[in-house]
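Try each task before reading its solution.

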Amino acid sequence: MKNTFINILLLVLLAGGSFSCKDDLIYSDLVRDNRPAVPVTFPGTTTYGFNPFIITSLAAGAPIQFTLSIPASSGRTIKEITKVVGGATGINVATLNAATATTAFNTAPIAGSGTTAVFTTTLAAFKTKYPAVATTPVALPNYTEIQFLFLVTLDDGTQLVPTPVRVRIVA
């Protein structure tokens with residue numbers, strides 16, 4: 001008898017729960033995606049569900065290069081990469097907003113070309129600008145990561161902050 005009563009109660013709760021909320025697909029600002037009208041992507045990067053990244057070798061000393069791209073269908077062009085900040089993987093938009101001409105990675109805006117803009121640097125330049133950030137791969141997982149964050153200005157003056165990008169440094 002007790003099991004029957006519990007089963008009926010659970011069935012009533014399940015039926016009531018399915019009719020309790022109206023799903024009109026209108027959500028508050030706290031639970032909706034914050035997607036820009038013009039998305040910025042990073043062609044040539046890899047991602048496994050997190051920030052896009054590239055892999056570079058500490059021994060090879062290869063340049064670090066990110067291409068920022070917006071869709072041609074947006075009707076906009078990239079005027080410049082206005083500001084770049086780098087650091088460990090804990091940097092965020094507050095770091096970008098607080099960056100000044102002396103603390104930002106770039107000393108001058110980087111011009112865009114149509115719907116793309118290219119940011120290029122080296123590990124040596126990164127280490128000079130941010131000497132406290134570790135760039136030596138650790139034993140496990142056999143790499144370390146640094147991160148960059150960009151402020152992009154479009155031709156109409158709109159400013160976008162795309163997702164952070166990382167550089168995975170291997171031996």
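The model is predicted, so local features need pLDDT of at least 70 and side-chain atom pairs count only at pLDDT 80 or more, while totals for chains, interfaces and linings use all residues. Residues are numbered from 1 along each chain as its sequence is written, and side-chain values use heavy atoms, with hydrogens and water left out.

**Exercise 1.** State how many salt bridges the structure holds.

Solution. Start with the criterion: a side-chain nitrogen of Lys or Arg lies within 4 Å of a carboxyl oxygen of Asp or Glu. The structure holds 4 such salt bridges.

**Exercise 2.** Find the salt-bridge partner of Arg76 and classify the exposure of Arg76.

Solution. Step 1: the partner is Asp156, with the closest N and O atoms 3.7 Å apart. Step 2: Arg76 sits in the loop between strands E2 (64-69) and E3 (78-87), and Asp156 in the loop between strands E6 (143-154) and E7 (159-160), 80 residues apart. Strands (E, at least two residues) are DSSP runs numbered from the N terminus. Step 3: buried means under 20% relative accessible area, exposed over 50%, and partly exposed in between (1.4 Å probe, protein chains only). Arg76, at 27%, is therefore partly exposed, and Asp156, at 42%, is partly exposed.

**Exercise 3.** Which residue forms a salt bridge with Arg168, and is the pair buried or exposed?

Solution. Step 1: Glu145 is the partner, and the closest N and O atoms are 3.0 Å apart. Step 2: Arg168 is in strand E8 and Glu145 in strand E6, so the pair ties together parts 23 residues apart in sequence. Step 3: both residues, Arg168 and Glu145, are buried.

Conventions. Helix = DSSP H or I, 4+ residues; strand = E, 2+ residues; numbered from the N terminus.
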